[in-house]
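Hi,

Here is the structure I promised to pass on to you.

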Amino acid sequence: MHGGNQSETSEFLLLGLSESPKEQRILFWMFLSMYLVTVVGNVLIILAISFDPHLHTPMYLLLANLSLTDLFFVTNTIPNTLVNLQSQNKAISYAGCLTQLYFLVSLVTLDNFILATMAYDRYVAICRPLHYVTAMNPGLCILLLTLCWGLSVLYGFFLTLFMTKVTFCGSRKIHYIFCEMYVLLRLACSNTQVIHTVQITTGCFIFFTPLGIMIMSYVWIARAILRIPSASSKYKAFSTCASHLAVVSLFYGTLGMVYLQPLQTYSMKDSVATVMYSVVTPMMNPFIYSLRNKDMHGALGRLLLGKAFQRFT
């Protein structure tokens, strides 16, 4: 591959997690199953919230956007992975690789921001319940979501633009399921110190600012819950946050394992953590948010029963 501007014929080889045909067949069916479960689960969440007037509240509007983000996230990577697992041609073009990277960065950032906004929503609902209607009104919720989407799109464009300045040469093999920032930097033959420093600096801001908002929100939430005299009321208040806490723990735990480390220590072992945050977390989110939520149970039941009734009438 030539330095400077990449030519149109430049490409990488996405070799995935294994080059063994037997293991590739197993991985194909595993990823296909996980993708279908993720798509069905998140689409059901979006439809249930869209068609049920009882769920037209800021909390569920944020959840619908989280499901939409997860849906885009897996669709950006898994279909191409499935094709590669079934094909002898593992090539992905330079433009295709950067496009995949752009959506990856943007959607991971968007997940961070939406999770932080959901934490703020829970803080207002539990700590300032009498002011919830005004402090978290639909207009403000839409404004916050617009900021989340806008900043994520700009950040993805910013980092991808930096990557266009990187020169690649020698090996084109990527032992991963998609084009990931650290993997590409390891393949570069130009000096990547500047872009790596930028990525770490901005990444820490993107990572720790939402996390800080969530920690502060839950500190105040915990204090408010401890002041509640009734044990049943305490449990009810905590249960409204349990799903969000589970998703945050899973997402941030795996994301931190991958990106909060020096470039020199990044290796194939991190592919497991990458699969966790890029495939497993989007698959688990619908289950986590629906299993303990009676409103979601009711909305999903009405949605599925309505579809079944239409089929038989």
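Searching the whole structure turns up one disulfide, a term used here for a pair of cysteine sulfur atoms within 2.5 Å. Its partners are Cys97 and Cys179, with sulfur atoms 1.9 Å apart. The link of Cys97 and Cys179 is left-handed, at -120° about the S-S bond. Cys97 sits in helix α3 (residues 94–127) and Cys179 in the loop between β3 (173–174) and α6 (181–187), so the pair ties together parts that are 82 residues apart in sequence. Helices (H or I, at least four residues) and strands (E, at least two) are DSSP runs, numbered from the N terminus.

Please keep in mind that this is a predicted model: local features need pLDDT of at least 70, side-chain atom pairs count only at pLDDT 80 or more, and totals for chains, interfaces and linings use all residues. Residues are numbered from 1 along each chain as its sequence is written, and side-chain values use heavy atoms, with hydrogens and water left out.

Cys97 and Cys179 are both buried, where buried means under 20% relative accessible area, exposed over 50%, and partly exposed in between (1.4 Å probe, protein chains only). Cys148 is in no disulfide, and the nearest cysteine sulfur, that of Cys141, is 9.1 Å away. Cys148 is buried too, at 6% relative accessibility, whereas Cys204 is partly exposed at 26%.

**Aromatic pairs**

There are eight aromatic pairs, counted when ring centres of Phe, Tyr and Trp (its six-membered ring) lie within 6.5 Å; planes under 30 degrees apart are stacked, over 60 edge-to-face and the rest tilted. Among them is the pair of Phe28 and Trp29, which is edge-to-face, with centres 5.2 Å apart and planes at 85°. Phe28 is buried at 12% relative accessibility, while Trp29 is exposed at 55%. Phe251 and Tyr252 are also edge-to-face, with centres 5.6 Å apart and planes at 85°.

**Helix packing**

Back to α3: its axis and that of helix α5 (residues 138–163) come within 8 Å and cross at roughly 145°. Axes are lines fitted to C-alpha atoms, for helices over the stretch in contact, and angles run from 0 to 180 degrees between N-to-C directions.

Best wishes
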